Amino acid sequence: MLDITTLTTEIKERLTSLGYNATDEDNKSIKFQIEKVEQNIKHWCSIDEVPECLKYVVIERVCGEFLLEKASFNQLDETLVNSLVKKTKIGDTEIDYQVGATTPLDILRSQCKNMVSYGQSELIAHRRFPW
């Protein structure tokens, strides 16, 4: 079982690494997102508790949901939105995050949606048949 206090701390650290400085005022929203993501995982996998090995899936998904919520209510700092990576190149492979995106906020939403769906293969490994 995942400890919500530890998760909250690690989620705040992850948000900081993404450029968002979470405050104590964000705790209620983060707690809600943790419960929402855990409930979603429990239902999808047909399990009673989220195992410890899915901690990073929960953290990444909560961060994605949290940032999407902040973006929806226009509560993100403009410097965070404008600082997003628009294009990256590794070797001879180039990834363009701006395809179909017209604004930096569109890019943020796209990246958050990727975070929200993170760890699907790990969830498949924990999925049970409901009887």
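The model is predicted, so local features need pLDDT of at least 70 and side-chain atom pairs count only at pLDDT 80 or more, while totals for chains, interfaces and linings use all residues. Residues are numbered from 1 along each chain as its sequence is written, and side-chain values use heavy atoms, with hydrogens and water left out.

The protein chain holds six helices and two strands, where helices (H or I, at least four residues) and strands (E, at least two) are DSSP runs numbered from the N terminus. Their order from the N terminus is α-α-α-α-β-β-α-α. Of the 131 residues, 36% count as buried (under 20% relative accessible area, with exposed over 50% and partly exposed in between, for a 1.4 Å probe and protein chains only).

Helix 1 is a friendly place to begin. Its buried residues are Leu7, Thr8, Glu10, Ile11, Lys12 and Leu15, and what covers them includes helix 2 (27–45) and helix 3 (55–72), judged by contact (heavy atoms within 4.5 Å). After helix 1 comes glycine 19, with a positive phi near 100°.

Helix 2 and helix 3 pack at about 125°, their axes 9 Å apart; axes are lines fitted to C-alpha atoms, for helices over the stretch in contact, and angles run from 0 to 180 degrees between N-to-C directions. That makes helix 2 oblique to helix 3, since angles under 35 degrees count as roughly parallel, over 145 as roughly antiparallel, 65 to 115 as roughly perpendicular and the rest as oblique. Among the residues that meet are Ile30, Ile34 and Val37 in helix 2 and Val58, Val62 and Phe66 in helix 3.
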